[in-house]
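Here is a short briefing to read with the model open beside you. Take a look at the fold first, and then follow the points below.

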Amino acid sequence: MYFLETEEVVKQYAGHLALNKVNIQVPEGKIFGLLGPNGAGKTTLIRIINRITAPDSGIVRFNGHLSRPDDVYQIGYLPEERGLYKK
């Protein structure tokens, strides 16, 4: 069983495919990093995992169950920028 798992996660913004069937498996007690160039979809995936936004399709699991709102209390997330709209 994995602490965090995504299956076939897809997210698209106005014709731009940000995530295309992303699958990850993070074992319990392990540290996992997302590396990639700007625009690779790292922030989009983190926002989906933290329930800030929803995937267009695919699923996120925590400890073997589908993601629930209270699962985010088990995640530490510190973005470089706050990611809010300027206005």
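What covers the buried residues of H1? This is a predicted model, and in it the cover over those residues includes strand E1 (2-13), strand E2 (16-27) and strand E3 (57-62). The points below start with the helix, move on to the sheet and end with the charged pairs.

**The helix and its buried face**

- Helix H1 spans residues 42-49, and its buried residues are Thr44, Leu45, Ile48 and Ile49.
- Viewed down the axis of H1, these buried residues fall within an arc of 135°, so they line one face of the helix.
- H1 lies across E1, E2 and E3, and its direction makes an angle of about 120° with E1.

- Four strands make an open sheet in the order E2-E1-E3-E4, and the pairing is antiparallel.
- E2 and strand E4 (65-66) are at the edges with a single partner strand each, so one side of each has no neighbour in the sheet.
- As background, strands of a sheet pair through backbone hydrogen bonds, either parallel or antiparallel.
- E1 and E2 run antiparallel and are joined by eight bridges.
- Within this pairing, Gln12 is opposite Leu17 in E2, and Tyr13 is opposite His16 in E2.
- The hairpin of E1 and E2 has two residues between the strands, and Ala14 there takes a positive phi near 40°.
- E1 is also joined to E3, by five bridges, and these two strands run antiparallel as well.
- Val10 has Ser57 as its bridge partner in E3.

**Charged pairs**

- How many salt bridges does a search of the whole structure find? The search gives four.
- One of them joins Glu5 to Arg61, with 3.9 Å between the closest N and O atoms.
- Glu5 belongs to strand E1 and Arg61 to strand E3, so this pair ties together parts that are 56 residues apart in sequence.
- Is Glu5 buried or exposed? Glu5 counts as buried, because its relative accessibility is 14%.
- Another salt bridge brings together the side chains of Asp56 and Lys11, at 3.6 Å from N to O.
- This pair links distant parts of the chain, 45 residues apart: Asp56 is in the loop between H1 and E3, while Lys11 is in strand E1.
- The two partners can be set side by side: Asp56 is partly exposed, with a relative accessible area of 47%, whereas Lys11 is buried, with a relative accessible area of 10%.
- Arg68 and Asp70 form a salt bridge too, and their closest N and O atoms are 3.8 Å apart.
- Arg68 is partly exposed at 42% relative accessible area, and Asp70 is partly exposed at 44%.
- Salt bridges that share partners also join Glu5, Glu7 and Arg61 into one network.

**Putting the pieces together**

Technical notes: Residues are numbered from 1 along each chain as its sequence is written. This is a predicted model: local features need pLDDT of at least 70, side-chain atom pairs count only at pLDDT 80 or more; totals for chains, interfaces and linings use all residues. Side-chain values use heavy atoms; hydrogens and water are left out. Buried means under 20% relative accessible area, exposed over 50%, partly exposed in between (1.4 Å probe, protein chains only). The arc is that of the directions from the helix axis to the C-beta atoms. Contact means heavy atoms within 4.5 Å. Two strands pair if DSSP finds at least two bridges between them. Axes are lines fitted to C-alpha atoms, for helices over the stretch in contact, and angles run from 0 to 180 degrees between N-to-C directions.
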